[in-house]
Amino acid sequence: MGKATGFIDYKREEATERDPKTRTGDWNEYAAPFSDVTLKTQGARCMDCGTPFCHIGMEIGGATSGCPIYNLIPEWNDLVYKGKWKEALERLMLTNNFPEFTGRVCPAPCEGSCTVAISDPAVTIKNIERAIIDKGFENGWITPRIPKKRTGKKIAIIGSGPAGLASADQLNQAGHSVTVYERADRAGGLLMYGIPNMKLEKDVVERRVNLLRQEGIDFILNTEIGKDILAEELREQYDAVILCTGAQKQRDLVIKGREAKGIHIAMDYLTASTKALLDDKHTIQPAFDAEGKNVIVIGGGDTGADCIATAVRQGAKSVTQFGKHPQLPLARSADNQWPEYPHVFGLEYAHKEAKAVYGQDPRQYSIQTTKFVMDEQGNLKELHTIDMQKVRNEQGMFVYQEVEGSEKVWPAELVLIAIGFEGTETPLLTEFGVNVTPNKRVEAAYGNYRTNVDNVYAAGDARRGQSLIVWAINEGRDVAKQVDLQLMGETVLP
């Protein structure tokens, strides 16, 4: 695949990014595309390895390794190297319904398990993937695929995130009539409101949703199941219902002073910020506006990074991010060997921006918030922290303990809590009467996706918990196959 000695002859090139300080003046995507010449060179680095680990799609050590949708990566890398872009697009679309999303926001576990990455920087798989689909749209190769005949079967999908959209796409192509219900005013789920515009421009999401509409999928927005329409009504109207509502319930930080004004769940903040942008409002709701405020983001993951980038653009006085874990090593540690996902230190787009604007990396490691403090009007004015250290207890297990004398007070007028999700929201699940696991997920086996309620299925984060976009697409495609099989006695879906 590619050039036989490409991985030796050529070095990995990172995607071009707009200047970190300049780009904080707008909300456009920060990443710029490679040139065709660069893409050909990078595609040439894909070696003809005996076993392409880039698409093994499995979890090792609790993290994803390889591509869960089993993209035919070496094949389309080779086609890009040869300049056969349309053929590369055809290979890519065989496994991935939405490469324009994964090519922008997926953390690329495929690159962590790339065979070249055993000893050298991985092939730039994610950037090549994005280039293929973008070129497909630019050249008019992506056109509506109208099913030639309909089966007469009707399916309702609750939630329009990547799992819901993937299952809708697959089932529609199988000839079923699909209706997607979304409680927000725009389709896309987290793709629309959970990921900021500079990471995934919303025109990209709307372009795909409009294409799905042209192909025959109905989208019913501003509709909450259990409030605007009852679950029982859906079950009567449709032959099958698929729950793809995501893991929307974020974890909260319940400590002293939590009731202070100025403390928000990260997803509420990101949603409000994106909605203000899309509605062409010049100002966001004052409660969510970071302008002139000392902002602290509690949580070291991707959602926290997105909050940093958003606050910087709103003109925050300062931005700091708290993480409970120590700083990652610069290279793989002995217990993080290939093909596991590489847990190594790096600067995300948001960290680069904060560093450019404020002069330093915004991250603070091994730190725990102990309490919030408010002023006489109930507004947040500061928070208190203590440093933590990771040690082994008497049983040999790693635990965190406080570092005596490390207490610190931080000025803060806006705090964003981004410490993960604890499952899906229960009112909808109660409405359908589906069983729920102890960790607040829909009880449905992977590969089967059936709940305890007849003809009601669940897939994506609602079933597996907070995860990657590629796992959502994996489950969306897979549940569609199971529903098609159940309704028709056989399935035409891959």
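The charged end of Lys154 sits over the ring of Tyr238, at 5.2 Å from its centre. The model is predicted. A second contact of this kind involves Lys40, which lies over the face of Tyr81, 5.9 Å from the ring centre.

Strand S5 spans residues 154-158. Most of the strand is covered, with four of its five residues buried. S5 runs parallel to strand S6 (residues 177-181), and five bridges join the two. Within this pairing, Ile157 stands opposite Val180 of S6. S5 also pairs with strand S8 (residues 240-243), again in the parallel sense, over four bridges. Here Leu243 of S8 is the bridge partner of Ile158.

The aromatic pairs number six. One of them is formed by Tyr30 and Tyr349. This pair is stacked, with 4.7 Å from centre to centre and 10 degrees between the planes. Tyr30 lies in the loop between helix H2 (20-23) and strand S2 (31-32), and Tyr349 lies in helix H15 (residues 349-358), so the pair ties together parts that are 319 residues apart in sequence. Both Tyr30 and Tyr349 are buried.

Tyr446 and Tyr449 form a further pair. Their ring centres are 5.9 Å apart and their planes stand at 80 degrees, so the pair is edge-to-face. Tyr446 has a relative accessibility of 41% and therefore counts as partly exposed. Tyr449 is buried, at 0% relative accessible area.

Methods: Residues are numbered from 1 along each chain as its sequence is written. This is a predicted model: local features need pLDDT of at least 70, side-chain atom pairs count only at pLDDT 80 or more; totals for chains, interfaces and linings use all residues. Side-chain values use heavy atoms; hydrogens and water are left out. Buried means under 20% relative accessible area, exposed over 50%, partly exposed in between (1.4 Å probe, protein chains only). Two strands pair if DSSP finds at least two bridges between them. Rings of Phe, Tyr and Trp (its six-membered ring) pair if their centres lie within 6.5 Å; planes under 30 degrees apart count as stacked, over 60 as edge-to-face and the rest as tilted. A charge sits over a ring if NZ of Lys or CZ of Arg is within 6 Å of the ring centre and within 35 degrees of the ring normal.
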